[in-house]
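Please keep the sequence and the structure in view while reading.

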Amino acid sequence: MWSMAKVEPTRRRRFSLSLLVAASLLSACSADKKAEPAPPPKPAYQFDVSQSKVLFVDAAALHKAGDNPAAIAKLRRASELFPLDPDPYRLMIIAATKSEDADALRYARFFDARLPTIETLGPWVASLQFKSAGDDNRAQPVKGADIRANARRIAAYLSAMICDEDRKRALSDTERLSYIRRYGVEGLVNRMRLWFEEIPDNCPNVTVK
């Protein structure tokens, strides 16, 4: 016959083994959680309309003086600071043609041909098209890393415009009145504060000077 003295140590060993297995599983789970990479930060885009215009004026003077390579360099920078202005692309086409700069010509023609779609198709559809053009992971990416980078800037700017319009329309007059009736002016202020805190998660990180 088995005695209780023999049974108890066996139970203790099994219980200890169960604790060890549970502890190892928990540590594995926590290790997996720690191993999960943090989401990458959203890219930040800065636009400077006035500086872009200054660079365009400088580039026009350089082009007039016959220094087209220097003009192209300034026009590229102008287009980066405010990529929705068609003037730098149009002057770049002329300067690149004269200096036989194939890369600059391709860059300028790409955006000169596509900027009008913002007006004809609207900012939402145009933003999707520029976002697609800026995708480095497409099966056949658009030729030219500079073109893809500038397309992403345009997509971000348009998306920020759309977010801003949505934010302005978010609280209609009727909704504002109903919030004031229900919660008072302080309730409306808190509601708007929450709304503005939620927006950055959905909108591009864009600043415009």
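Q: Is Asp 146 buried, partly exposed or exposed?
A: The model is a predicted one, and the accessibility used here is computed from it. Buried requires under 20% relative accessible area and exposed requires over 50%. Because its relative accessibility is 28%, Asp 146 counts as partly exposed.

Q: With which residue does Arg 76 form a salt bridge?
A: Among the 6 salt bridges that the structure holds, one has Arg 76 as a partner, with the closest N and O atoms 2.9 Å apart. The pair links distant parts of the chain, since Arg 76 lies in helix α3 (residues 68–81) and its partner in helix α8 (residues 145–170), 70 residues apart. The partner of Arg 76 in this salt bridge is Asp 146.

Q: Over the face of which residue does Arg 76 lie?
A: Besides forming a salt bridge with Asp 146, Arg 76 is placed at 4.6 Å from the centre of an aromatic ring. The ring over whose face Arg 76 lies belongs to Tyr 107.

Q: Why are Arg 106 and Asp 103 separated by about one helical turn?
A: Arg 106 and Asp 103 form a salt bridge whose closest N and O atoms are 3.1 Å apart. Arg 106 is partly exposed, with a relative accessible area of 32%, and Asp 103 is also partly exposed, with a value of 45%. They are separated by about one helical turn because, within helix α5 (residues 102–114), they are 3 residues apart.

Q: How many residues apart in sequence are the parts that Arg 152 and Asp 136 tie together?
A: Arg 152 forms a salt bridge with Asp 136, and the closest N and O atoms of the two are 3.3 Å apart. Arg 152 lies in helix α8, whereas Asp 136 lies in the loop between α7 (123–133) and α8, so the parts tied together by this pair have a sequence separation of 16 residues.

Q: Which residues are linked in a network of salt bridges?
A: Arg 152 counts as partly exposed at 29% relative accessibility, and Asp 136 is partly exposed at 41%. These two residues belong to a network of salt bridges that also includes one further arginine. The linked residues are Asp 136, Arg 148 and Arg 152.

Q: What is the angle between the planes of Phe 110 and Phe 111?
A: A search of the whole structure finds 6 aromatic pairs, one of them being Tyr 107 with Phe 111, which is edge-to-face at 5.2 Å centre to centre and 65° between the planes. Phe 110 and Phe 111, both of which are buried, form another edge-to-face pair, at 5.0 Å centre to centre. For Phe 110 and Phe 111, the angle between the planes is 75°.

Q: Which residues do ring pairs link into a cluster?
A: Tyr 107 and Phe 111 are buried, and as they are 4 residues apart in helix α5, they are separated by about one helical turn. The charged end of Arg 114 sits over the ring of Phe 110, 3.8 Å from its centre. The cluster linked by ring pairs consists of Tyr 89, Tyr 107, Phe 110 and Phe 111.

Q: Which helix gives the most to the nonpolar patch?
A: Leu 121, Trp 124, Val 125 and Leu 128 form a nonpolar patch on the surface, with about 380 Å² of accessible area together. Val 125, which is partly exposed with a relative accessible area of 30%, lies in helix α7. With 3 residues, the element that gives the most to the patch is α7.

Key: Residues are numbered from 1 along each chain as its sequence is written. This is a predicted model: local features need pLDDT of at least 70, side-chain atom pairs count only at pLDDT 80 or more; totals for chains, interfaces and linings use all residues. Side-chain values use heavy atoms; hydrogens and water are left out. A salt bridge is a side-chain nitrogen of Lys or Arg within 4 Å of a carboxyl oxygen of Asp or Glu. Helices (H or I, at least four residues) and strands (E, at least two) are DSSP runs, numbered from the N terminus. Buried means under 20% relative accessible area, exposed over 50%, partly exposed in between (1.4 Å probe, protein chains only). Rings of Phe, Tyr and Trp (its six-membered ring) pair if their centres lie within 6.5 Å; planes under 30 degrees apart count as stacked, over 60 as edge-to-face and the rest as tilted. A charge sits over a ring if NZ of Lys or CZ of Arg is within 6 Å of the ring centre and within 35 degrees of the ring normal. Patches are made of residues with over 30% relative accessible area and no salt bridge: like charges are joined within 9 Å, nonpolar side chains (Val, Leu, Ile, Met, Phe, Trp, Tyr) within 5 Å. Accessible areas come from the Shrake-Rupley method with a 1.4 Å probe; for residues, only the protein chains shown count as cover.
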